[in-house]
Amino acid sequence: YNFNIKGELRHLDTNESFVFNYYKNEHEQNHKRYQVLGHLITQYVYELLERVCMLQKVYIPTDATEDEPRSFFFVSKNALTSSSSLIVLLQDHGVSRAGQWGQRTIVSEGLEHGTQIPFIKMALRNHGGVIVLNPNDNFVDPKTEKERLSFSTGEESPTSTPSVWWIPKRGSSSPEEHTTYVWDHFISKSAAKNVAFIAHGYGGLVFVDLLVQRKWEVMNKVYSVAFIDSMHNMQHQTRSDPQIQKWIQKYCRGWVSNSKPLGKAVGSLMKVNCPTVSAGTEKYGLAPSCCLRAIFKYLKSMLKAK
């Protein structure tokens, strides 16, 4: 398989899209094959972030010893030293790593819809700097390399459920910890006076967690947040802090997958406490790419208002 000129994943010989049920009645084998594909896509997207988007990889924790497991995130050149505005991308939880909105979407719909690259390009064009967080890179598994090799040689390998041997990465053992670490050591110290977050799915919950943990810092530095199908829970997370709720109401907007046209108001049963509009699609995986332009238009108007 490879990505064609349109960024769609296709089989090199047949030009067909990815077939999940490649082995008859062998769910385990098919799943393992899909995991290997996912690993290769992750490496490929990392490469695109550096080669195409010209982002730099920053390893954390900053004081890691030589043999300590590290995580990393990506940042555009001068993003932390320039006073122009800064956009921070915060993805959903799951297998997707930095630069991806959703792995399944990349496989079925292509790089244009499943990766954050169109967002990164737009942010660099209109806003100056961009930071791409890597909230799901939390553990290192000493066995993984062996497993991957044994898959390619066709030997039996143990199942790849998280094992007791997994080692958490210091400062990044959860999406919340990763985001707070990057905030404390990089974003809060950056020269940018105007920071905006674009948060998808669980990323919305992670942002609200950061807001609660670093209340005044975040309120002073962040001018706006665009939530996409956010999983945050106002009442539960903010413990009814009126200042935080008021801030979210004023500076945030949510886009949700819905059958209504893009941008139409959507009433929600959950008290999200920020204006919520339709993402213009009912497909969760396509929501980010569908509201890309609307989000940047909104952020631009919020920056102007500020």
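A residue is called partly exposed when its relative accessible area falls between the buried class, under 20%, and the exposed class, over 50%. Glu 109 belongs to this middle class, because its relative accessible area is 31%. The structure discussed here is a predicted model.

Glu 109 is part of helix 2, which covers residues 103-109. In sequence, Glu 109 and Glu 8 are 101 residues apart, yet their C-alpha atoms are 6.6 Å apart in space. Once neighbours within four places in sequence are set aside, the contacts of Glu 109 are Lys 283 and Leu 286.

Ser 230 is also partly exposed, with a relative accessible area of 23%. Ser 230 sits in the loop between strand 10 (222-228) and helix 9. Its contacts, leaving out neighbours within four places in sequence, are Gly 201, Gly 204 and Leu 205. Between the C-alpha atoms of Ser 230 and Val 206 there are 9.6 Å, and along the chain the two residues are 24 residues apart.

Lys 169 falls in the buried class, because its relative accessibility is 9% and the limit for that class is under 20%. This lysine is found in the loop between strand 8 (167-168) and helix 6 (175-187). What does Lys 169 touch, not counting residues up to four places away in sequence? The list consists of Pro 69, Arg 70, Ser 71, Asp 137, Asn 138, Phe 139, Val 140 and Glu 177.

Two helix pairs come next. Helix 4 (residues 117-126) and helix 12 (residues 292-305) have axes that come within 11 Å and cross at roughly 30°. Angles under 35 degrees count as roughly parallel, and helix 4 and helix 12 are therefore roughly parallel to each other. The crossing of helix 4 past helix 12 is right-handed. On the side of helix 4, the residues that meet helix 12 are Pro 118, Phe 119, Met 122 and Ala 123. Their partners in helix 12 are Leu 292, Arg 293, Ile 295 and Phe 296. By type, the residues of this contact are seven nonpolar, no polar and one charged.

The other pair is helix 7 (residues 202-213) and helix 10, which pack at an angle of about 135° with their axes 11 Å apart. Helix 7 and helix 10 are therefore oblique to each other. Helix 7 passes helix 10 with a right-handed crossing. Helix 7 brings Phe 207, Val 208, Leu 211 and Val 212 to the contact, and helix 10 brings Ile 244, Trp 247 and Ile 248. The residues of this contact are seven nonpolar, with no polar and no charged ones.

The backbone has some features to look at as well. Most residues other than glycine have a negative phi, and most peptide bonds are trans. Asn 15 is not a glycine, and its phi is positive, near 65°. Asn 15 is located in the loop between strand 2 (9-10) and helix 1 (27-51), and its relative accessible area of 52% makes it exposed. Arg 239, likewise not a glycine, has a positive phi of about 45°. The loop that holds Arg 239 runs between helix 9 (234-238) and helix 10 (242-251). Arg 239 counts as exposed, at 65% relative accessibility. A cis peptide bond is found between Ile 60 and Pro 61, with omega about 0°. Pro 61 lies in the loop between strand 3 (55-60) and strand 4 (71-76).

The cysteines remain. A disulfide is a covalent bond between the sulfur atoms of two cysteines. How many disulfides does the structure hold? The number is zero. Cys 53 is buried, at 6% relative accessibility. Cys 274 is in no disulfide either, and the nearest cysteine sulfur, that of Cys 252, is 5.6 Å away.

How values were computed. Residues numbered from 1 in each chain as written. Predicted model: local features only at pLDDT ≥ 70, side-chain atom pairs only at ≥ 80, totals over all residues. Heavy atoms only, no water. Disulfide = S-S within 2.5 Å. Buried < 20%, exposed > 50% of the residue type's maximum accessible area, 1.4 Å probe, protein only. Axes fitted to C-alpha atoms, helices over the stretch in contact; angles between N-to-C directions. Helix = DSSP H or I, 4+ residues; strand = E, 2+ residues; numbered from the N terminus. Parallel < 35°, antiparallel > 145°, perpendicular 65-115°, else oblique. Left-handed = near helix turned anticlockwise from the far one by under 90°. Contact = heavy atoms within 4.5 Å. Nonpolar A, V, L, I, M, F, W, Y, C, P; charged D, E, K, R; others polar.
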